[in-house]
Amino acid sequence: MMTKITAETAKENKPYYTALLELLLQLADDDFILAYRGSEWLGLAPHIEEDVAFSSISQDTMGHAAIYYQLLEELGAGNSDALAHERKAEHRKNAVILEEANGTGTYLEEPRYDWAFAVVRNYFYALHKKIKLESLKQSSYEPLSNAAVKINMELYYHLMHWETWFTQLTLSEGEARTRMSAGIQKVWKDFEGVLTLGSLGDEMAKHGLIEGEELLKQRFYARIQPVLEAVRHPMPIPCGMQSGNGRIGEHTKDLDEALLTLTEVYRSSPSAVW
Amino acid sequence: MAETAAREMESKIREVLQTVKDPEIDSVSVLELGMVEEIVFKEGAAMMKLLPTFMGCPALEIIKKNIESAVLLLPEVERAEAVFIYDPPWTSDRVTPEGREKLKEFGIAPPPEFTEDGKWTVDCPYCGSKYTTMENIFGPAACRSILYCKSCKNPFEAMKPISNLM
């Protein structure tokens with residue numbers, strides 16, 4: 001049993017601290033941007049019950065991002081609101097596939113969003129998040145392992161929700177199947193960006209913050225492969241990272257546009273309390 | 001002596017917390033929801049450790065402020081601070097028997113208990129029937145689901161079950 005590390009002791013150990021900050025930023029930024037993309041579906045989901053469900057999931061996910069930013073604040077990495085709102089795109093660690101726009105148009109003008117893409121992206125993400133959280137529950141950084149236990153309980157319902165949509169739509173005939181197939185291809189060619197822990201991955205594992213990247217990937221593939229076979233849509237392993245590596249600050253114009261929109265209210269009055 | 005006085009103050013604070021209700025369900029107190037993990041009183045300072053029900057719940061900040069202002073009304077309390085902690089995690093079995101009854105009065109079914117095989121059922125808070133269907137596991141608030149009673153034909157909400165088994 002490893003000794004549990006607190007914020008105070010983490011700050012005294014430079015390599016540990018650096019790896020921890022990197023991991024927390026990845027976790028926070030991933031949840032943050034996907035929750036934002038989810039919130040853009042409000043009022044546009046296929047039916048009213050889905051509107052309620054998806055917005056509730058997005059609210060939970062934004063809550064998860066908030067707790068990671070809070071953990072960063074406790075470690076002296078900056079104010080949590082500022083971390084969420086003031087960092088430029090090139091300092092964001094989120095995977096590129098999570099920032100990609102929901103479809104063509106904008107929320108206010110001609111939003112032609114792609115539901116198949118939303119289902120695939122959210123399902124693959126929830127599945128990977130489950131595997132990561134199971135590992136984080138054993139993290140040497142105690143505040144993180146506590147948060148993981150809590151977040152994991154909420155994720156249970158998210159995963160169930162997206163798995164249902166994914167399986168039913170992909171097993172449908174006609175347009176649903178065609179669009180789901182396109183969604184799977186699209187997410188798969190960039191999902192490596194979600195699975196990677198970046199250049200400090202080995203450091204994170206060494207310090208017991210999370211298990212090694214390769215091990216987590218194996219678990220992800222072992223979990224997703226039977227699902228893809230069950231819907232008769234196997235995919236070649238590994239997946240790709242064609243649109244850039246978000247962990248090192250590579251991003252697309254979609255992130256710039258998202259940041260411009262989501263920080264608009266914050267920028268109008270940074271000191272306001274909500 | 002000081003030790004006894006502090007314990008007395010803590011139970012006084014506990015009584016005050018019984019008056020702090022969930023902002024969205026005003027019949028149920030934060031104590032009855034099982035959100036209060038620990039109360040510490042020391043030299044005029046009251047510290048309440050709370051467990052958030054759901055991480056993204058927008059009512060959390062309001063609850064924190066309401067608790068602090070209510071406790072500050074006690075003449076012995078000079079400073080009051082409520083903080084959220086995550087260990088232990090809040091689980092739906094923390095809702096007290098009184099809390100479960102008050103939820104029903106409000107028209108919300110209390111969180112169901114898990115059976116050994118991991119299954120659960122929700123009884124209608126109005127007529128008590130087990131003949132209910134889940135309309136949406138996600139509801140108008142992070143902690144609630146939407147159900148329908150096929151017996152008395154009422155839609156109703158239920159507290160979402162959250163457990164360590166998940």
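Modeller: Happy to. A salt bridge here is a side-chain nitrogen of Lys or Arg within 4 Å of a carboxyl oxygen of Asp or Glu. This is a predicted model, where local features need pLDDT of at least 70, side-chain atom pairs count only at pLDDT 80 or more, and totals for chains, interfaces and linings use all residues. Residues are numbered from 1 along each chain as written, chains are lettered from A and ligands numbered from 1 in written order, and side-chain values use heavy atoms, leaving out hydrogens and water.

Over all chains, the structure holds 32 salt bridges. One of them joins Glu100(A) to Lys186(A), with 3.2 Å between the closest N and O atoms. This pair ties distant parts of the chain together, its residues being 86 apart. Glu100(A) sits in the loop between α5 (96-99) and β1 of chain A, while Lys186(A) belongs to helix α8 (residues 175-188). Helices (H or I, at least four residues) and strands (E, at least two) are DSSP runs numbered from the N terminus. Lys186(A) counts as partly exposed because its relative accessibility is 25%; buried means under 20%, exposed over 50%, and partly exposed in between (1.4 Å probe, protein chains only).

Now to helix α11 of chain A. Glu213(A) and Lys217(A) form a salt bridge there, and their closest N and O atoms are 2.9 Å apart. The two residues are four apart in helix α11, so about one helical turn separates them. What is their accessibility, buried or exposed? Glu213(A) is buried, at 18% relative accessible area, and Lys217(A) is buried too, at 9%.

Next, the packing of helix α11. Helix α11 (residues 213-230) of chain A packs against helix α7 (residues 142-170) of chain A at an angle of about 30 degrees, and their axes lie 11 Å apart. Therefore α7(A) is roughly parallel to α11(A) (under 35 degrees; over 145 is roughly antiparallel, 65 to 115 roughly perpendicular, the rest oblique). Axes are lines fitted to C-alpha atoms, for helices over the stretch in contact, with angles from 0 to 180 degrees between N-to-C directions.

The loop between α11 and α12 of chain A is worth a look for its backbone. Most residues other than glycine have a negative phi, and most peptide bonds are trans. Arg232(A), which lies in this loop, has a positive phi of about 55 degrees without being a glycine. Arg232(A) is exposed, since its relative accessible area is 56%. Pro238(A) is placed in that loop too, with α12 spanning 253-262, and a cis peptide bond joins Ile237(A) to Pro238(A), omega being about 5 degrees.

Asp87(B) and Pro88(B) are joined by a cis peptide bond with omega of about 0 degrees, and Pro88(B) is in the loop between β3 (79-84) and α3 (97-105). Lys153(B), a residue other than glycine, has a positive phi near 60 degrees. Lys153(B) is found in the loop between β6 (144-149) and β7 (155-159) of chain B and counts as exposed at 55% relative accessibility.
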